[in-house]
Amino acid sequence: ITHYNVARTFDIQANVDGTDLGSVAGRVNRVLADAKGEMPRGTTVTMKGQVQSMESSFTGLSYGLLFAIVLVYLLMVVNFQSWLDPFIILMALPGALAGIAWMLLLSRTTLSVPSLMGSIMCVGVATANSILVVTFANDQRKHGFDAKNAALAAGMTRLRPVIMTALAMILGMLPMSLGVGEGGEQNAPLGRAVIGGLLFATVSTLFFVPVMYSLLRTKTLVVDAAWESV
């Protein structure tokens with residue numbers, strides 16, 4: 001007879017073979033929900049083991065991804081002394097998240113802890129590339145360009161640095177994404193998430209971010225001559 005916190009228990013153990021843990025846990029939960037009405041009074045069913053670890057890890061990393069985006073935004077607000085510029089910079093992140101989802105779908109990779117870690121890494125690189133574009137556009141506006149021409153010049157001038165940064169990260173993650181070698185499939189989702197996110201984020205940074213900049217930056221930039229002379 002087994003007990004858990006004094007309560008008497010009946011343990012049913014199962015393993016996963018040929019599929020992912022999340023889909024099996026979902027099916028088990030549906031079976032338990034259907035059988036809940038047939039259970040005797042005072043009987044409870046709890047799923048433990050790796051499912052609990054998976055759910056807690058997913059929750060923590062999901063909050064971590066959200067917190068990373070918010071923290072990066074607030075940090076840029078302090079550096080740029082503006083609420084709008086950081087918002088324009090973060091316009092590259094929807095493309096990054098879409099790229100992560102598409103890459104995991106096309107490679108038949110399940111959402112896992114390594115793929116969420118790769119998503120957090122991708123947010124940092126995509127934001128850094130977008131900062132290059134917006135910063136250059138602001139510099140162009142200080143020289144008398146309007147928002148549209150400044151965004152166009154930023155996209156053209158920062159084309160090579162953005163592509164070089166993204167390409168270096170993609171090539172670095174390519175061996176990991178292939179999952180070759182013993183145990184390589186464990187970290188493959190991380191590399192695939194980074195590659196997919198950066199592919200889409202690079203396109204968003206070079207095209208979508210300048211478009212949003214030209215549409216949202218409608219006010220004329222006022223430059224203080226005293227600060228320019230320092």
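Mentor: Start with burial. A residue is buried when its relative accessible area is under 20%, exposed when that area is over 50%, and partly exposed in between, using a 1.4 Å probe and protein chains only. The model is predicted, so local features need pLDDT of at least 70, side-chain atom pairs count only at pLDDT 80 or more, and totals for chains, interfaces and linings use all residues. Residues are numbered from 1 along each chain as its sequence is written, and side-chain values use heavy atoms, with hydrogens and water left out.

Ala-92 sits in the loop between α3 and α4. Helices here are DSSP runs of H or I with at least four residues, strands are runs of E with at least two, and both are numbered from the N terminus. What does Ala-92 touch? Contact means heavy atoms within 4.5 Å. Leaving out residues up to four places away in sequence, Ala-92 touches Ala-126, Ser-130, Ala-201, Ser-204, Thr-205 and Val-209. Look at Thr-127 too. Ala-92 and Thr-127 are 35 residues apart in sequence, yet 7.1 Å apart in space, C-alpha to C-alpha.

Follow the chain into α4, residues 93-106, and look at α8, residues 188-216. Two packed helices are described by the angle between their axes and the distance between the axes. Axes are lines fitted to C-alpha atoms, for helices over the stretch in contact, and the angles run from 0 to 180 degrees between N-to-C directions. The axes of α4 and α8 come within 7 Å and cross at roughly 135°. Under 35 degrees counts as roughly parallel, over 145 as roughly antiparallel, 65 to 115 as roughly perpendicular, and the rest as oblique. So α4 and α8 are oblique to each other. Their crossing is right-handed. A crossing is right-handed if the near helix is turned clockwise from the far one by less than a right angle, and left-handed if anticlockwise.

Which residues make the contact of α4 with α8? From α4 come Gly-95, Ala-96, Ala-98, Gly-99, Ile-100, Trp-102, Met-103 and Leu-104. From α8 come Pro-189, Arg-192, Ala-193, Ile-195, Gly-196, Gly-197, Leu-199, Phe-200, Ala-201 and Ser-204. Sort them by type: twelve are nonpolar, five polar and one charged. Ala, Val, Leu, Ile, Met, Phe, Trp, Tyr, Cys and Pro count as nonpolar, Asp, Glu, Lys and Arg as charged, and the others, Gly among them, as polar.

Move on past α4. Arg-108 is in the loop between α4 and α5. Its phi is positive, about 55°, although Arg-108 is not a glycine. With a relative accessible area of 78%, Arg-108 is exposed. Next comes Ser-115, in helix α5, residues 113-142. Is Ser-115 buried or exposed? Ser-115 is buried, at a relative accessible area of 0%. Beyond residues up to four places away in sequence, Ser-115 touches Leu-104, Thr-110, Pro-189, Leu-190 and Ala-193. Leu-104, Pro-189 and Ala-193 also belong to the contact of α4 with α8.

Helix α6, residues 147-157, has its own buried residues: Ala-147, Ala-150, Ala-151, Ala-153, Ala-154 and Gly-155. Their cover includes α5, α7 (159-178) and α8.

Gln-81 is found in the loop between α2 and α3. Its phi is near 55°, a positive value in a residue other than glycine. Gln-81 counts as exposed, at 67% relative accessibility. Trp-83 is exposed as well, with a relative accessible area of 58%. Tyr-73 is buried, with a relative accessible area of 19%. The structure holds one aromatic pair. Rings of Phe, Tyr and Trp (its six-membered ring) pair if their centres lie within 6.5 Å; planes under 30 degrees apart count as stacked, over 60 as edge-to-face and the rest as tilted. The rings of Tyr-73 and Trp-83 have centres 6.2 Å apart and planes at 40°, so this pair is tilted. Tyr-73 lies in α2 (50-80), and Trp-83 in the loop between α2 and α3, ten residues apart.
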